[in-house]
Amino acid sequence: MERGKGFVALVGAGPGDAGLLTLRGRDLLAAADCVVYDRLVGDGVLAMMPPEAEKISVGKTGGGEFVPQREINEILVREAEKGRFVVRLKGGDPFVFGRGGEEIEALNAKGIPFEVVPGVTSALGGPACAGIPVTHRGEARSVHIITAHTKEGGIAPLDYAALAKLGGTLVFLMGASAVREICSELIRSGMAEETPAAAVENASTAAQRLLSGTLGTLAGICAAEALRSPALIVVGGTSALAGSFAWKRFLPLAGRRIIVTRPRERAGKLSAMLRARGAEVVEIPCIATRRIKAALPDLSKYGWLGFTSVTGVEAFFALLAENARDIRSIGTAKAAAIGPATAAALKERGLMPDYMPDVYDGVHLARGLASLVKDKPLLMLRAKEGSAELSRELEACHIGFTELPLYETVYERPAVIPQSADTAVFTSASTVRGFKAAMPELDVECACCIGVQTAEEAKRAGFKKIITARKATLESLADALEEKNDDSTPEKTEKK
Ligand code: SAH
């Protein structure tokens, strides 16, 4: 069905971590003209909002409502009636204390078509992230999801006597400030003080905390540990299983919130690697690359072609195609790649690299080429504002070369500024500059850098802790993030 115009999708964003957004939710979000979102939607999901979409925050704060529900309904109707494809992004699942039904009533009243994309509700996904199975053979044969929020007009207070008799797992949402009441009322209604109980705060995100106790002790523990919203309370025998089921401890980057600053089309692999190691990843592309118009030179004049990035490879082949040429026009010229990713991009296009340095940076590329480039010069196919060190080194090595800039990098304006992060990962000096330009206020302690030049830029930008990958590869970057050592010195990329 054509979902293009005058349509609203109510999308459940999951409990916070972007990896828990559904595939359908992600696809619809990518197509949105307008996104209306809540406070509980994770930064990683918000960062997926299309740059050109209008973004309307209707964030609700703990106590009351920031934007009244009636007004949210009006916004949805208004935007859809403009003929737009509106995505209404909600924390968790739209129908679990999400007021999705009220929004649908408003859309129905105006005949606006809509669809609902279920989300991982925090009520079930939250405990799972903390290692609490909400049902367990022999322990709990039912699970009950309850709101502890009783401030809404017209709602009767909770019937604790009935809850105490259920025997299954009780999950209370909106209960961070009501832990004491919940626990004491359940005890008063006949549940044993020793019944295991737990609170899960910021489930699924790097800030996730699990506080475990019993009905008798949990309120005191939560007060001492300053439990904060968003949090849920789990009551019942299964909550004690987290002691042995908590799985995040097996993941080396659990608890780390990492910003990946690579250009959008290049971020996926690195993000996937970091998520696989347990990090909460927020993709904030800080730079984008743009092709520059260039005339195709007579390639037969050159003995070597030098490539310093995957983008350079792509741009070169695009330039050939635009000129109705193909790989044969390079004749007998050889190809040099700065590192494995660039080499792989060349291979994919049927060009086997003839040279790649051991250390993947411009200086080593130039030094390696010094003995290889003979009478026919080198053509460097690179970024307009690429590293000056490479050109300096080529000159110092007396290599005959021409530079052909094929693309330039521009700073990106991020869709959202994340609330916090402990580390930002930089794969070039330009991503550092783009990051500082886009988010000057954001205080991120650690910069994890792909190489020495990037690290120097990060130092200039004022990062307190700088980690440098041992090799200029994504794998090595991910490894570096795991290292406890603050000032790991790069093995091979040191300069004399
Ligand atoms: N529709 C949402 C719930 C909205 S009510 C869902 O399905 O998850 C808001 C309450 O959800 C919060 O007060 C808190 O109790 C719970 N909640 C949402 N995200 C959470 C998270 N990441 N960790 C713990 N609790 C969360």
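Start zoomed out, with domain 1 and domain 4 selected: their centres, taken over C-alpha atoms, are separated by 46 Å. Keep in mind as you go that this is a predicted model.

**The domains**

Now colour the protein chain by its domain assignment. Domain 1 covers 7–120 and domain 2 covers 124–245. Domain 3 comes in two pieces, 250–286 and 412–484, while domain 4 takes 289–410.

**Helix 3, in residues 69–81**

Select residues 69–81 next. This is helix 3, with 13 residues; at 1.5 Å a residue it should span 18 Å, and the distance of 18 Å between its end C-alpha atoms agrees with that.

Which residues of helix 3 are buried? Show side chains for Gln-69, Ile-72, Asn-73, Ile-75, Leu-76, Val-77, Glu-79 and Ala-80, and you have them.

Before leaving, step past the helix to Gly-83, which follows helix 3 and has a positive phi, near 90°.

Move on to an open sheet of 5 strands, paired in parallel and ordered 12-11-18-19-20. Strand 12 (280–283) and strand 20 (465–468) stand at the edges; each has a single partner strand, so one side of each is left without a neighbour in the sheet. Look along the sheet for its twist, which averages 25° from one strand to the next.

Then bring in helix 17 (residues 474–482). Helix 17 lies across strand 11, strand 18 (423–426), strand 19 (446–449) and strand 20, and runs at about 150° to strand 19.

**The cysteines**

Finish with the cysteine sulfurs. How many disulfides does the model contain? The count comes to 0, by a rule that asks for a pair of cysteine sulfur atoms within 2.5 Å.

Is Cys-286 buried or exposed? Cys-286 is buried, with a relative accessible area of 0%. As a last stop, click on Cys-397, which counts as partly exposed at 22% relative accessibility.

How values were computed:
Residues are numbered from 1 along each chain as its sequence is written. This is a predicted model: local features need pLDDT of at least 70, side-chain atom pairs count only at pLDDT 80 or more; totals for chains, interfaces and linings use all residues. Side-chain values use heavy atoms; hydrogens and water are left out. Helices (H or I, at least four residues) and strands (E, at least two) are DSSP runs, numbered from the N terminus. The expected span of a helix is 1.5 Å times one less than its number of residues. Buried means under 20% relative accessible area, exposed over 50%, partly exposed in between (1.4 Å probe, protein chains only). Two strands pair if DSSP finds at least two bridges between them. Axes are lines fitted to C-alpha atoms, for helices over the stretch in contact, and angles run from 0 to 180 degrees between N-to-C directions. Contact means heavy atoms within 4.5 Å. Domain bounds come from an automatic or database domain assignment.
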